[in-house]
Structures are given as structure tokens and as C-alpha cells.
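Please have your viewer ready.

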Amino acid sequence: MKPNFWTTAAIALLLPGPALAEAQTRTITIDTPRVEGERVVTRDRDAGLRTVDSTLTRKEDGAVATAYRETQRTDTGATISGTRTRFNGDTRSYEGERVRTENGYRTSGSGTGFNGNSYTYDARGRRTPNGFDRQQRVRNSDGDVVAGRNVRVRQNGNTRTRRVVAGNADGARRVTTTRRTVNRRRR
């Protein structure tokens, strides 16, 4: 008797397979002319946990850089934390929480930069009837804004307008992009 789709599916359901609760790990090998290393991504969907652990070795002198990021799902959003170490040994760390809102999200967090200074981060995003708005701010320990970014996207018919204002302590830069999104003519 030749097996058909239904008998194959029934046998697959009866045979023991990998448990759904097991974490899944994927390893990515990195090998470029300057660095080599690997990135290990682990995801446990049932626990709501995802980690990314990276190690790079510079080929010319053997210096090592590392990065680790952990995202944990919560009832209201997610918590995020991580560290990064450069080839010269400088380290930064951060932690934060992202909370879903009725029509978007709010994020707040804190960290220590490569220079040893502490900072706080806050962001929010919301959907609008014809687009979305996103705001991000980084503040130093005195509460002064040292970097920020505002993004506003609006769709009007078949035209999408994206306005971005981004800046740091050196000043702000404004960019407006308008493009047709449908019914484009080929030239």
C-alpha cells in the first residue's frame, strides 16, 4: 500500500518529536578578512525568552569583542538588557522595558556608555489613522537631551510622506521624503 498525505500526517502526529517547550538554538559563523567568530541565537517561545550572544576575534592581534542581548516577553510587553565590549575593552550596558499601549508602545530604560557615563532612554510610538509617529530621547545624568529622533509618517492617497528630525549635541538634521506608493509608472 502506498502511503498518502493523510496516513503520513497521522503517523507524524503519533511519533514522538521534539518537545514544543524546548529552546531552539542557531549558531552563525562569522569569517571575514578582518574578524572571525560566532553568533549564537537562542529562542524559547514558551518562556518568551530570546538571547543573542556574539564573540568576535580580530585576526591581526587577537583582540576580542563581545555582545550579549536578552529579551524577555512579559504580560504587557518585554524587558530588554544587554552588554557590549569593544576590541579595546571598553564596555557598555543597558536595560529597559517596552510596554504595549492601546495604539502603540512606550519604552524606558537606562544604561552606562562606553565612556562610563550613565544615561536614560525613553521612546514612544503610536499608530495614527493614516500613518504613525515615533519619538526617541537619550538623556545624560543631568537630564539634558544628548540625542533624539522624531519620525512622522503620513499616507495620503497613494503618496507617503516621511519626516525625520534627528539630532545630537552638535545639532539637529531634518529630512522629508515624499514618494508615491502605488500606481507608479514605469519609465
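In what order do the strands of the open sheet follow one another, and is their pairing parallel or antiparallel? The order is β1-β2-β3-β4-β5-β6-β7-β8-β9-β10-β11-β12, with antiparallel pairing in an open sheet of 12 strands.

## Ground rules

This is a predicted model, in which local features need pLDDT of at least 70 and side-chain atom pairs count only at pLDDT 80 or more, while totals for chains, interfaces and linings use all residues. Residues are numbered from 1 along each chain as its sequence is written, and side-chain values use heavy atoms, with hydrogens and water left out.

## The sheet and its edges

Strands here are DSSP runs (E, at least two residues), numbered from the N terminus, and two of them pair if DSSP finds at least two bridges between them. β1 (24–31) and β12 (171–180) stand at the edges with a single partner strand each, so one side of each is left without a neighbour in the sheet. On average, neighbouring strands of this sheet are turned by 10° against each other, direction ignored; the axes behind such angles are lines fitted to C-alpha atoms.

Let's zoom in on one pair. Strand β8 (residues 118–128) pairs with strand β9 (residues 131–140) in the antiparallel sense over 10 bridges.

## Salt bridges across strands

A salt bridge here is a side-chain nitrogen of Lys or Arg within 4 Å of a carboxyl oxygen of Asp or Glu, and by this rule the count comes to five. For burial, buried means under 20% relative accessible area, exposed over 50%, and partly exposed in between (1.4 Å probe, protein chains only).

Asp 122 is partly exposed at 30%, and Arg 139 is partly exposed at 29%.

Arg 154 and Asp 133 form another, with the closest N and O atoms 3.0 Å apart. Arg 154 lies in strand β10 (residues 145–156) and Asp 133 in strand β9, so the pair ties together parts that are 21 residues apart in sequence. Arg 154 is buried at 16%, and Asp 133 is buried at 16% as well. Together with Arg 126, these two residues are linked in a network of salt bridges.

## Another salt bridge

Arg 58 and Asp 61 meet through their side chains in a salt bridge (2.9 Å, N to O). Arg 58 is partly exposed at 27% relative accessibility, and Asp 61 is partly exposed at 45%.

Definitions and conventions
Helices (H or I, at least four residues) and strands (E, at least two) are DSSP runs, numbered from the N terminus. Axes are lines fitted to C-alpha atoms, for helices over the stretch in contact, and angles run from 0 to 180 degrees between N-to-C directions.
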